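Please look at the sequence and the structure below before reading the dialogue.

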Amino acid sequence: MEIRQFREEDAEQYRALRLEALRNEPEAFASSYEENRRKPLAETVKRIRAQSENNISLGAFLDKKCVGMVALIRKDRKKTAHKADLMSMYVSPDARGKGIGKALVKEVIAWGRQMEGLEQIQLTVVSTNETARNLYLSAGFSKYGTEPMAMKIGESYYDEDWMTLFLTAIGGEQIST
């Protein structure tokens, strides 16, 4: 398995995996399959090009096939730049059970630790998604709240748990996880 930042030549695979994720797990993403399937490949290329030291998207590749993804987006305002959001986490069903999700989370945390001044990584996860919640808990995240009815798909509502991982203690020293 290889985990690395997406490159322009990955655009087709990245787009295909993202559409699969939106179709298979609609409650896990704020974006919808219907909104994204109409977007041209050029939008995915633009997203890849927009990566920076504060905005990364990682892919997990098995035999050169993209089977997983995750993003880390740092807050861009002065008062919140000490935080980043873990987003767009997904592993294709065929590749689950092989430690890919755990490896993606571990790698995105490592990237976060390299971001100067970053103190915490936050995420939201659908409250009923036990597998994902347990993955994040095992990586050191802790739940700090629940947003009831955070998403609505059709007539169904989904609560989301809010989780955080502190990378530094108060005073700036690094926490090991």
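This is a predicted model: local features need pLDDT of at least 70, side-chain atom pairs count only at pLDDT 80 or more; totals for chains, interfaces and linings use all residues.

A: Residues are numbered from 1 along each chain as its sequence is written, and side-chain values use heavy atoms, with hydrogens and water left out.

Q: Which residues of helix H3 are buried?

A: Buried means under 20% relative accessible area, exposed over 50%, and partly exposed in between (1.4 Å probe, protein chains only). Helices (H or I, at least four residues) and strands (E, at least two) are DSSP runs, numbered from the N terminus. In H3, residues 41–49, the buried ones are Thr44, Val45 and Ile48. They line one face of the helix, because seen down the axis of H3 they fall within an arc of 100°, the arc being that of the directions from the helix axis to the C-beta atoms.

Q: What do the buried residues of H3 pack against, and which residues are exposed on the other side?

A: They pack against helix H1 (11–24), where contact means heavy atoms within 4.5 Å. On the other side of H3, the exposed residues are Ala42, Lys46 and Arg49.

Q: Where is Asp63 found, and is Asp63 buried or exposed?

A: Asp63 lies in the loop between strand E2 (55–62) and strand E3 (65–74). Asp63 is exposed, its relative accessible area being 81%. Although not a glycine, Asp63 has a positive phi of about 50°.

Q: Is Ser88 buried or exposed?

A: Ser88 counts as buried, at 18% relative accessibility. Ser88 belongs to strand E4 (residues 83–91) and, although not a glycine, has a positive phi of about 55°.
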